[in-house]
Amino acid sequence: MRITIYPTIDGYVSRNAESTWADAHETLTGDQASSTGTFTNVGIRASLAPPGRGGGYYVARSFFSFDTTGVTHVPKSGRLYIYGRTNGNINVVHTVKATSDIESAITTADFDSIQDWDPRGDFTGAATYYGTNTGGWSTGGYNTIILRQNALLDIAGQDRLNICLLAQRDIDNTGGSFPPPGSTDYNGLYFEDYTGTSRNPYLDITQQDDAVFFGANF
């Protein structure tokens, strides 16, 4: 049996136009946040804007919270689908485990709401990786991220699956190596508040043959 689960809340947090990469990457709070928008053109970002175009370093991360209380068995497989929008310059997007802070609201304080996140370093050996998109970023269709086993275990073992999407340079903490005059490394995407469901993010879960789903989100 296959189950579709849409997020109960999603959105993005960004840090904008900082003079150094460290100021953009290592901060605990963002400058801008939204959990009610239908889309953004810069929801995943690690870039250095050239002078005259809001010059400075930018980082943006997108967050999603899914209610998985109805899933009582470890799924056979799972995929995260994100519909892309204008801008698809980041070819590698990582999915990591977010904290419970995003479950009721997404604010500027959630910029670092990533499980075991250390904003002063990178994610190596710290964050829980749920999956990676490596095939480029579609700007007019769904991008598919195959969930790892640890995500499937959390779907069955926890009430919620909280996710953060972020750029390769962000997760590696290598944004300080941008060549001048800058870069346009950012991806757009749609959120749950988009009218209808044709472009909404969602989890696609395949249950074990003997499993029962107790929710009503399919």
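These are my notebook entries on a predicted protein model.

**Ground rules**

I number residues from 1 along each chain as its sequence is written. Since the model is predicted, local features need pLDDT of at least 70 and side-chain atom pairs count only at pLDDT 80 or more, while totals for chains, interfaces and linings use all residues; side-chain values use heavy atoms, with hydrogens and water left out.

**Entry 1: the whole protein**

I looked up the secondary structure and found three helices and twelve strands. Helices (H or I, at least four residues) and strands (E, at least two) are DSSP runs, numbered from the N terminus.

Next I checked the overall size. The C-alpha trace spans about 60 × 35 × 30 Å along its principal axes. The radius of gyration is 17 Å, which agrees with the value near 17 Å that a compact globule of 218 residues would have. (That radius is taken over C-alpha atoms, and the globule rule is 2.2 Å times the number of residues to the power 0.38.)

How much of the protein is buried? Buried residues make up 50% of the 218. My cut-offs are under 20% relative accessible area for buried, over 50% for exposed, and partly exposed in between, with a 1.4 Å probe and protein chains only. The accessible surface comes to about 9,100 Å², and 45% of that belongs to carbon and sulfur atoms. Those areas come from the Shrake-Rupley method with a 1.4 Å probe; for residues, only the protein chains shown count as cover.

I also looked at contacts, meaning heavy atoms within 4.5 Å. Among contacts between residues at least 6 apart in sequence, 82% join residues at least 24 apart.

Why is β5 largely enclosed by the rest of the structure? Eleven of its twelve residues (56–67) are buried, so that is how I put it down.

Then I listed which strands pair with β5; two strands pair if DSSP finds at least two bridges between them.

- β2 (residues 7–18) pairs with β5 in the antiparallel sense over nine bridges. Tyr12 has Ser62 of β5 as its bridge partner.
- β4 (residues 39–49) runs antiparallel to β5, and five bridges join them. Here Ala46 is bridged to Val59 in β5.
- β10 (residues 160–167) and β5 are antiparallel too, over six bridges. Phe63 has Cys164 in β10 as its bridge partner.

I also looked at the hairpin of β4 and β5. It has six residues between the strands, and Gly52 takes a positive phi near 90° there.

**Entry 2: helix α2**

I went to α2 (residues 149–157) and noted its buried residues: Ala151, Leu152, Asp154, Ile155 and Ala156. What do they pack against? They pack against β6 (77–88), β7 (93–97), β8 (129–133), β10 and β12 (202–206).

**Entry 3: the two faces of β9**

In a regular strand the side chains alternate between the two faces of the sheet. I looked for this in β9 (residues 142–146): Asn143 and Ile145 form a covered face, and Tyr142, Thr144 and Ile146 an uncovered one. β9 pairs with β6 in the antiparallel sense over five bridges, and Ile145 is the bridge partner of Leu80.

**Entry 4: two loop residues**

Asp31 sits in the loop between α1 (21–25) and β3 (32–34). I count Asp31 as partly exposed because its relative accessibility is 40%. Leaving aside neighbours within four places in sequence, Asp31 is in contact with Ser14, Arg15, Asn16, Glu18 and Thr108.

Ser35 is in the loop between β3 and β4. Ser35 is partly exposed as well, at 22% relative accessibility. With neighbours within four places in sequence set aside, the contacts of Ser35 are Ile9, Asp10, Gly11, Ile106 and Asp193. I also checked Ser35 against Arg199: they are 164 residues apart in sequence and 16 Å apart in space, C-alpha to C-alpha.

**Entry 5: positive phi values**

Most residues other than glycine have a negative phi. So which residues did I note for a positive one?

Ala17 has a positive phi of about 55° although it is not a glycine. Ala17 lies in strand β2 and is partly exposed, with a relative accessible area of 39%.

Asn173 has a positive phi near 55°, again in a residue other than glycine. Asn173 is in the loop between α3 (168–172) and β11 (186–190), and at 23% relative accessibility Asn173 counts as partly exposed.
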